[in-house]
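Open the model in your viewer and keep the selection tool at hand. The tour below goes from one selection to the next and says what is there.

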Amino acid sequence: MKLKMMAGFSLALLIAAGAVNAQQANPPAAQQPSQTATNYDYHETFGPPFYSKNGNEFRAADGAPGAKYWQNRADYQLAAHLDDATNQITGSEILTYTNNSPQKLGFLWMQLDQNLFKLDSRGTQIVPLVGNPPKQQSRNWGRGQDFDAGDKIKSVKLLNAKGAATDLKFLISDTRMQVFLPQDVAPNGGQVKLQIEYSFIEPNYGSDRTGIQETKNGKIFTIAQWYPRMCVYDDVMGWNTQPYTGPGEFYLEYGDFDLRITAPANHIVVASGQLLNPQEVYTPEQLKRWAEAEKSEKTVVIRSADEVTQASSRPAGKKELTWHFKISNARDASWASSASFIIDAAKMDLPSGKKSIAISAYPVESDGNDAWGRSTEYVKKSIEFNSKQWFEFPYPAATAVAGVVGGMEYPGIVFCGYKAKGRSLWGVNDHEFGHTWFPMIVGSNERLYGWMDEGFNTFINTLSTYDFNNGEYRHGGEDMHDHASRYTRTGLEPMLSQPANLKERNTGLLLYAKPGAGLTMLREQILGPERFDFAFRTYINRWAFKHPTPDDFFRTMENAGGESLQWFWRGWFLNNWKLDVAVSDVKYFDNDPTKGAMITIDNLEKMAMPVILEIKTVSGKTDRVKLPVEIWERNSTWSFKYPSTEAIQSVTYDPDKVFPDINPDNNTWTNDKK
């Protein structure tokens, strides 16, 4: 195959130069460039690098963190009390914020995400009108809830080294809170400690990220965005204070979390991280079952469906219990609480041998071997695959919770729809726990670059699904011809547009499907699995628990993959370009098929891709020819010599439909002679 490619390359250069040697006498008459109209401009596609800046001491030219890379840190001690009658959560937070930047900070910015659910929030006001007659919905997604929404900040205090508290001035603006400090936080390691008292009413359905599900045995509270969180201060934009409007997700600092959740004693609470006081909140029999689950490859039921309504399945003698959890080096923490939970678990086998456990919490309505009864199996296998393939799962537990939220991820815990089952439950569990790698480990700015977590995760989901249970839920490969019109339709925003600038109806396509498909093409058709996987692992390892930008990803993939990919990023990510390659002509040397054929292809649109051609002869023989993307580096038309020994019946571009060609009608040349 290499010899064929080299021969074709040499011939094309000679033709372009107007020279044909003696061995190539009497070439086909159609040796001039095709006259087919084209939108392709190789000067644009293979133009200068588009990176926003050269490498510097903070972010290196090869995509790695620079020698002086820094990021700030936020450690939280959080206590919350749940009133399951009023749906109110009352919280207390002690925040220790470390300023590792070279700048002094005279004020802080924090996120108050619950304010999204106020009727006058920015996020509510920008929801399009729906219905007949038209009506503006809130970020409760039309469930009709009108309630006293938003964070009620009782106090913000500065704590000194001796624990003495001083009230601080603060200003709330929509979903942000600015805290004014009496003294700057020193650079290069200076710290400040705040104490914040607050409360809020949990929405029934909070933008598909948090909410309450009614079941016959009680409410399921899935609690997220539940405490004032630090905004990120970084070397790219300084303070990142984009408001939370619903579609875009989150950008958060890393730190350690200590959680104490007080709930009614008949509730079971699950949360990010490790439960530190199981003996205080589970029965002796349940503790034995937990010990069994920690050693079991198969799912062990901790609290069964029959036991949910039995008082003996909860510790006796108290009206409330406090659950104590801890998670380290995380960017967030979330929890769920319900009297209705069935609990089951199994151990996870991680590459290093580190101890971790898969857990599921779900109501009787979700039970069954075709539904949530398999959830722990799904969690276990998904995490084990991605830990081996990319980077080891970093948390002591992984908990899937069935509730009102269709699918949302947090460190060590995910919320998924309680009605999901079979393939859909595998898909949502696999996807939400896939977010462990993007953005929980690789902490990109989801508010600006949602495709760096959703798209990357969509891509790794294809591999984990292919692997699960010998392909139980495997499906055929994506037909890129079929999807090409969706991915590149006129008027579609470029993928690098910020989520806030995307039409909400396009976010699923541009944040999930298109970047996922792009990485699949890059792996399978451009770099190959071995080079791609090494480069992708390098990116994850370099930026684990750090804050990469798109440039850091692009540069790492090029440097670790050993390939200039400017043309690919420019066509698929930076622009909304189309691909249209036509097989325009086949001619024989000396009009004799036994002396070889000249095959001509045209690039008619702005995108470039490598070329795969399937060649069939009149006797039925089939051959494949692959040409590198560089054939388009100086040409919009390309001709190459194919060493035919008989007449060719057909030449088909992209026979497996792995590239997003928008016009399959011109992909095949056919010998019309009967």
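Buried area is the accessible area, taken with a 1.4 Å probe, that two parts lose on being put together, summed over both. The model on screen is a predicted one.

**Stop 1: the domains.** Colour the chain in three parts: domain 1 (45-66 + 473-573), domain 2 (73-443) and domain 3 (579-670). Then keep domain 1 and domain 2 in view; their centres, taken over C-alpha atoms, are separated by 29 Å.

**Stop 2: where domain 1 meets domain 2.** Between them, domain 1 and domain 2 bury about 2200 Å², with 63% of this on carbon and sulfur atoms. Select Tyr-473, Phe-545 and His-547: in domain 1 these lose the most area to domain 2, together 39% of what that side buries. In terms of contact, 23 residues of domain 1 meet 26 residues of domain 2.

Residue pairs in polar contact between domain 1 and domain 2 number 10.

Next, show helix 11 (507-527) and helix 12 (529-542); each supplies at least two residues of the side of domain 1 that touches domain 2. Helix 12 gives the largest share of that side, seven residues. Sorted by class, the side of domain 1 that touches domain 2 holds 12 nonpolar, four polar and seven charged residues.

Stop 3: Now turn to an open sheet of eight strands, in the order 7-6-10-2-1-17-21-19 and with mixed pairing. Strand 7 (165-167) and strand 19 (274-275) are at the edges with a single partner strand each, so one side of each has no neighbour in the sheet.

Inside this order, select residues 255-264 for strand 17 and residues 320-330 for strand 21; the two pair in the antiparallel sense over nine bridges. To see how they line up, pick Ala-263, which stands opposite Leu-321 in strand 21.

**Stop 4: a salt bridge across the sequence.** Select Asp-332 and Arg-229, another salt-bridge pair, with the closest N and O atoms 2.6 Å apart. The two residues lie in distant parts of the chain, 103 residues apart: Asp-332 is in the loop between strand 21 and strand 22 (335-338), and Arg-229 is in strand 14 (residues 229-230). To end the tour, show the salt bridges of the model, which come to 34.

How values were computed:
Residues are numbered from 1 along each chain as its sequence is written. This is a predicted model: local features need pLDDT of at least 70, side-chain atom pairs count only at pLDDT 80 or more; totals for chains, interfaces and linings use all residues. Side-chain values use heavy atoms; hydrogens and water are left out. Two strands pair if DSSP finds at least two bridges between them. Helices (H or I, at least four residues) and strands (E, at least two) are DSSP runs, numbered from the N terminus. Domain bounds come from an automatic or database domain assignment. Contact means heavy atoms within 4.5 Å. A polar contact is a pair of N or O atoms within 3.5 Å; within protein, one must be able to donate a hydrogen and the other to accept it, and residues adjacent in sequence count only if both atoms are side-chain atoms. Ala, Val, Leu, Ile, Met, Phe, Trp, Tyr, Cys and Pro count as nonpolar, Asp, Glu, Lys and Arg as charged, and the others, Gly among them, as polar. A salt bridge is a side-chain nitrogen of Lys or Arg within 4 Å of a carboxyl oxygen of Asp or Glu.
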